[in-house]
Amino acid sequence: MQGTQNLMLGKGLSASIYTEITDLEGELNGFLTYDRQVIKMDQAGVRAANTALINASKTIGSSAPVALPVNTRRSLQVTTPGFTNRYLRHQDSLAYTEVVDAASPSLLKADATYTIRPGLAGTGCYSFESVNFPGQYLRHQNSRVRNSPDDGSALLRADATWCARTGLTGTGVSLESYNFRGKYLRHYNAEVWLSNGTGGDAYNTPTSWTADSTWNIATPWAP
């Protein structure tokens, strides 16, 4: 049910239906047995899950585009409670989150700073250029997020373009993939991925997806 809620929040899902109320001759995934004599589901659990989904639908925030300051340096700060001292940084081309503070080495501060550019694939969105590796941009590739040089290809430019939305938690900013709508820049176990929070791979877990996919566009660590 959390995966359904994440699809509603992140991709605009408007309805979902569980079609098997009872078991059938060849299908045994009903709420009740075929003869309607045995309730197979935890009724309280089903009610609680549906109530949570309905309540979440009443608090959906705006998904309108958010304007970011182009051609200026910024750092991407984690908003997940307990991890707000971490920032997105690149290391050996891959994106991670790491604790950054005033005492951090200059290399880490530079790795954790990007210049916001008009989107390489569409100027209504944005691309994030590394300040210490000019010409390299934050992009997704096989769901993992990394820095890559702009090779001029349409695929790279789409992968390296992010559309800024009101944060999925209602504050901050969520960065939606230009070419995989409904998937967002998300941190998981210090790594950074493209995720829609609907389950499957570990980085796509529904747990904490909205917070992990919401960032603060913060003062740059490398001015």
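## Ground rules

Residues are numbered from 1 along each chain as its sequence is written. In this predicted model, local features need pLDDT of at least 70 and side-chain atom pairs pLDDT 80 or more, while totals for chains, interfaces and linings use all residues; side-chain values use heavy atoms, without hydrogens or water.

## Arg144

Let's start in strand β7 (residues 144-149), where Arg144 sits; strands are DSSP E runs of at least two residues and helices H or I runs of at least four, numbered from the N terminus. Arg144 is buried without a salt bridge, and Glu191, the nearest side chain of opposite charge, is 4.2 Å away. Here buried means under 20% relative accessible area, exposed over 50% and partly exposed in between (1.4 Å probe, protein chains only). A salt bridge needs a side-chain nitrogen of Lys or Arg within 4 Å of a carboxyl oxygen of Asp or Glu.

The Arg144 side chain does reach two backbone oxygens: that of Ala95 at 2.7 Å and that of Val192 at 3.0 Å.

## Salt bridges

Seven salt bridges occur in the structure. Arg89 and Asp111 pair at 2.6 Å, N to O, linking strand β2 (residues 86-91) with helix α3 (residues 106-111). Arg89 is buried because its relative accessibility is 5%.

Arg186 and Asp212 form another salt bridge, with closest N and O atoms 3.1 Å apart. Strand β10 and helix α5 hold these partners, 26 residues apart.

Technical notes: Lys, Arg positive; Asp, Glu negative; His and termini not counted. Polar contact = N/O pair within 3.5 Å; in protein donor to acceptor, adjacent residues only side chain to side chain.
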